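Reader: I would like to learn how to read a structure of this kind with some care, feature by feature. Could you take me through it once it is in view?

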Amino acid sequence: MFALPRWQMVDRMPQRLEVIYSILFLIFWTFVGIFGYKLLEGWSFMDGLYMSFITLTTIGYTEVDDLSDGGRIFTILYAVIGIGSFGFVTYRWARILVAGAVIRKRRLLKKIRNMKDHYIICGYGRVGVEVTSALLRAHKPLVVLDKDKEVADHLNGKGIDSVAGDAVNDQALHAVGITHARGLIILLPDDAQTVYVTLVAREINPDLFILARASDAVSRRRILQAGASQVISPVQVGAQRMAQVILRPHVEQFMSNVLQAEDLGLGMEQVIVEAQSALDGKTLREVDFRNAWETIVIAIMKKAGQKMHFYPQPDDRIEQGDTLIVLGSVDKIDKLTAEGCQRQVK
């Protein structure tokens, strides 16, 4: 599918050497023209350089002065050899550049095909920029899918894996490794397209965590019915946030600090308790998260799909499959995860 043409399979080093030698020959041939016109026509160095340049590049601007018969014969011979060399260099450079772009794209697609448990961001608008930045700060592997090729090229230039393609195209989703992805974040401006991409993505990868953006409540319901794991309306969230600032400014300040905990050296994480781990079967009092790992258990979700219980009590028992929402320093949470829990990703 991604096989290169035979001329692109050739070792590129000999091609580059050919171009280098040709450029050196063009420089030499330019000086031949300069001194040839100086000897035959008595022109200055600049006049000879100008005449040599317009001859080699076939620009054909006005000649410096009328040529003698000897000068005309010299120009004919000079153009026959020089124009061919100039064309060869131009052609070779074009082939090398095209081959380089194809090879870089081939390597990128191969890298993405080998990725696992990564996140796919469909649409790199204003929201996509913020989501991408947040995932990069968290050191999460990701691929951006945007139909604007300039956007994809810009991101690849910054070291962010990106593919140019339309998310409504099945091939584009496969190109960004949807079958092995951990999560899909759909940030398309059209809700109808979001519904379609959700349906296709859910069919391709039934276990995929799909987070989508919706413009209103009706679209949110339809996207959820299409198979999205969660749907967020930026307008609704923004309005609720603004109301919270007015009605409960101190609560809002606290929530802002929690959401930006990483800036304070803290982290909020959700972890799932493994069977026969150091936490399985013990109460919060027995585990003593505060002293053992310097973390706080904010909430517990008993088994998958059940309601979340806030204000956990010291005698609440932790069991296999329970989800713990913990707040603490990042390194302590990592230690907690390594000793008894596995990070939950959806």
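**Reading a predicted model**

Author: Let us begin with threonine 179, which is partly exposed, with a relative accessible area of 40%. The model is a predicted one, and threonine 179 sits in the loop between helix 7 (170-175) and strand 4 (183-186).

Reader: Which residues is threonine 179 in contact with, leaving aside its neighbours within four places in sequence?

Author: With those neighbours set aside, threonine 179 is in contact with His174, Ile204 and Asn205. As for asparagine 205, its C-alpha atom is separated from that of threonine 179 by 5.6 Å, although the two residues are 26 residues apart along the chain.

Reader: Is threonine 132 buried or exposed?

Author: The cut-off to bear in mind is that buried means under 20% relative accessible area. Threonine 132 has a relative accessible area of 1%, and is therefore buried. It belongs to helix 5 (residues 126-137), and, beyond its neighbours within four places in sequence, threonine 132 is in contact with Ile121, Tyr124, Leu142, Val144 and Ile160.

Reader: How many salt bridges does a search of the whole structure find?

Author: The search finds 6 salt bridges, and one of them is formed by aspartate 117 with arginine 182, whose closest N and O atoms are 3.9 Å apart. Because aspartate 117 lies in the loop between helix 4 (69-113) and strand 1 (119-122), while arginine 182 lies in the loop between helix 7 and strand 4, the pair ties together parts that are 65 residues apart in sequence. Aspartate 117 is partly exposed at 41% relative accessibility, and arginine 182 is likewise partly exposed, with a relative accessible area of 23%.

Reader: What separates aspartate 153 and lysine 149 in helix 6?

Author: These residues are 4 residues apart in helix 6 (residues 149-157), so about one helical turn separates aspartate 153 from lysine 149. Their side chains meet in a salt bridge, at 2.8 Å from N to O. At 42% relative accessibility aspartate 153 counts as partly exposed, whereas lysine 149, at 54%, counts as exposed.

Reader: Which residues are linked with Lys302 in a network of salt bridges?

Author: The network links Lys302 with Glu319 and Asp322. Within it, glutamate 319 forms a salt bridge with lysine 302, the closest N and O atoms being 3.9 Å apart. This pair links distant parts of the chain, for glutamate 319 is in the loop between strand 9 (308-310) and strand 10 (323-329) and lysine 302 is in the loop between strand 8 (295-301) and strand 9, 17 residues apart. Glutamate 319 is partly exposed, with a relative accessible area of 34%, whereas lysine 302 counts as buried at 19%.

Reader: Which helix gives the most to the nonpolar patch?

Author: Helix 2 (residues 12-41) gives the most, with 8 residues. Phenylalanine 31, which is placed in helix 2, counts as partly exposed at 39% relative accessibility.

Reader: Where does pLDDT stay under 50?

Author: It stays under 50 over residues 1-12, for which the model has 19 contacts beyond four places in sequence. For the protein chain, pLDDT averages 81, and 85% of the residues score at least 70.

Notes. Residues are numbered from 1 along each chain as its sequence is written. This is a predicted model: local features need pLDDT of at least 70, side-chain atom pairs count only at pLDDT 80 or more; totals for chains, interfaces and linings use all residues. Side-chain values use heavy atoms; hydrogens and water are left out. Helices (H or I, at least four residues) and strands (E, at least two) are DSSP runs, numbered from the N terminus. Buried means under 20% relative accessible area, exposed over 50%, partly exposed in between (1.4 Å probe, protein chains only). Contact means heavy atoms within 4.5 Å. A salt bridge is a side-chain nitrogen of Lys or Arg within 4 Å of a carboxyl oxygen of Asp or Glu. pLDDT is the predictor's confidence in each residue, from 0 to 100.
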